[in-house]
Amino acid sequence: MTLKQSFWLMFIFFALMASCTVIFQPLEKAVAFAATDDGLYYPKLAQTIAAGGECSYDGVTATNGFHPLWLLVLLPVYALFSDPWVSLKAVYLLIFVLQLLSMGLFALIARRVRMSSAGWCAAICIMTLNIRSFTIFFSLLESPLILLCYLLYLVHCLRVGERRYSDPVPAFVGGVLIGLCFLARLDAFLLAGAFAVSWLVHVLRNRPDGRTLWKSPFFSALGCLALVLPYLLWNQINFGHLKTVSSWQKTTEFSPVASGQIISSWSLHQFIPRVQYILGLESIPAPLLLAGMVLAGIAGLLFVLTGSRRRRLFEKLSFFPEFPLFVVVHACFIVLLAPLDAAASAWYWVPEILLAALVAGACVPDVKVWRVPVFPLLAVLLVAAQLALYPKFLERKTMTFVKLEVAEFLRENTAPDMRGMMFDSGIIAYFSQRNFVGLNGLIGDFELANFVREKEYVRIADLYGVGVLVLDAPEKISREFADCLLYSSFIKTKFENFSEAPKPFMVFQGTPQELASIWNARYQGMR
């Protein structure tokens, strides 16, 4: 199979998978398959702003707890379509287009670095065709946009080569693309540092003329700051901080030991039980499954770093040396400063997924068995298996379907100006078309985030006019607070704590003191 044939094969597979799981499915199924609560923050904000409101998720506090470029991309969609369900369908179509563009850019890279057809197939399977990567990009978060921005930067590196280190125009364009990456996802600021290191290495190796030495960093910085500086000034003027409220809330003090403990504990007691439940692997002990995943990663690393594959890998990555450096630093940054998100939030790992795809594309050779190309065949089997198992996978997504059930109840049985509070409220807030205060502290202002840190739930409910509390809870909570119980879902789920038995989502109505008591009784200091 030629490289061109494998290009079209992967495009067809992606279009087929997207059509069967998201694009032509009812909206509720599409959301249950791939969306996250954090992903629905953006449509909710875009809907509010497009309707003439402030940049507020809960209807009370202004927020900067989002990555700005993705919100800006969604605003025209919500300005064009006033119906929230039509708008969300349009967002899914937009994501589909963005992913096709990303695959097209990756195809340009594959052709330029002379990937084998098997390498291209393996790369696309890693980047977008496996169910984990696929759902990351259809989660309604900024993931498809940041992937596109990274690929635009890599294509630019391939086109201009080392001229980006000396020529003002390529340097300026590269700076603009780094700025776009930053606006698409703020932790991409590390890419600017990686470029600075690669420029320094280039200078030390080539000893350029002193008159041109500083042109590249100056024009790169100029292009980057032209996009980044207005955003940072907006943050400082409106919120008194350069960083977002979500990053302020998430980042922890630097402690490698504590970060390692958080990641290992969460992986073993939360992440692996979720994987077991979703994939129907409950019979495999959690430590054994985690060990298998770690060993598989080590085996893959050894595969690419041995023999002639290492030489091919370094040769192909040498076109953009700053990107692998950025990925390594980015991974360390996330693990050490946001360890819980490193374990819990797969969408943090988009640059690592892209690098893994590039590595696979560089290292996987064309292999045939009885004249049948092996990796295209494996891609066919992967897509076929995932589509066949799609109904079973969807059945396991009770954690989303129960939120849709609660959202329908709230939409039909509460006043439009009702305000609730919940930890992860994105799906319920959007589908109920009601405002929610996020008790994770990620999508309000810095005052709210501080209240959450101090666990001042009575004050939150009172100050922000909260009328209802939504959470998943065992039946004993409904018995203890029966006078406040407004609704208990029919669907039961293992959401939140997979070591507990399946439990319903409950809606409680009461005074701020009562709602805070219910929250504390449920989580008993865990939050």
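Analyst: Start with exposure: a residue is buried under 20% relative accessible area, exposed over 50%, and partly exposed in between, using a 1.4 Å probe and protein chains only. The model is predicted, so local features need pLDDT of at least 70 and side-chain atom pairs count only at pLDDT 80 or more, while totals for chains, interfaces and linings use all residues. Residues are numbered from 1 along each chain as its sequence is written, and side-chain values use heavy atoms, with hydrogens and water left out.

The part to look at is the pairing of two helices. Helices here are DSSP runs of H or I with at least four residues, strands are runs of E with at least two, and both are numbered from the N terminus. Helix α5 covers residues 84-112, and helix α6 covers residues 117-129. They pack at an angle of about 150 degrees, and their axes are 11 Å apart. Axes are lines fitted to C-alpha atoms, for helices over the stretch in contact, and angles run from 0 to 180 degrees between N-to-C directions. The crossing is right-handed. That is the case where the near helix is turned clockwise from the far one; left-handed means anticlockwise, by less than a right angle.

Which residues make the contact between α5 and α6? On the α5 side they are Q99, S102, M103, F106, A107 and A110. On the α6 side they are W120, A123, I124, M127 and T128. By class, this contact holds 8 nonpolar and 3 polar residues, with no charged ones. Nonpolar means Ala, Val, Leu, Ile, Met, Phe, Trp, Tyr, Cys and Pro; charged means Asp, Glu, Lys and Arg; the others, Gly among them, are polar. Contact itself means heavy atoms within 4.5 Å.

Now the loop. R114 sits between α5 and α6. Its phi is near 60 degrees, a positive value in a residue other than glycine. R114 has a relative accessible area of 71%, so it is exposed. Compare L140, in the loop between α7 (131-137) and α8 (143-160). Phi of L140 is near 75 degrees, again positive in a residue that is not glycine. Yet L140 is buried, because its relative accessible area is 0%.

Next, the cysteines. C125 lies in helix α6. C125 counts as buried because its relative accessibility is 14%. Leaving out residues up to four places away in sequence, C125 touches N130, A379 and L382. F218 is 93 residues from C125 in sequence, and their C-alpha atoms are 39 Å apart.

A disulfide needs a pair of cysteine sulfur atoms within 2.5 Å. C121 is at 1% relative accessibility, and therefore counts as buried. Across the whole structure, the search finds 0 disulfides. C55 is in none either, and the nearest cysteine sulfur, in C149, is 19 Å away. C55 is at 17% relative accessibility, so it also counts as buried.

L389 belongs to helix α19 (residues 374-395). At a relative accessible area of 52%, L389 is exposed. R459, 70 residues from L389 along the chain, is 46 Å away, C-alpha to C-alpha.

I518 is in helix α25 (residues 512-523), and at 0% relative accessibility it counts as buried. Beyond its neighbours within four places in sequence, I518 contacts L469, L471, I477, F481, C484 and F508. E480 is 38 residues away along the chain, with 8.8 Å between its C-alpha and that of I518.

Last, helix α16 (residues 322-337). Its 16 residues reach 22 Å from first C-alpha to last, close to the 22 Å expected at 1.5 Å a residue. The expected span is 1.5 Å times one less than the number of residues. Buried residues of α16 are E322, F323, P324, F326, V327, H330, A331 and I334. Their cover includes α8, α10 (189-206), α15 (308-317), α17 (339-344) and α18 (350-363).
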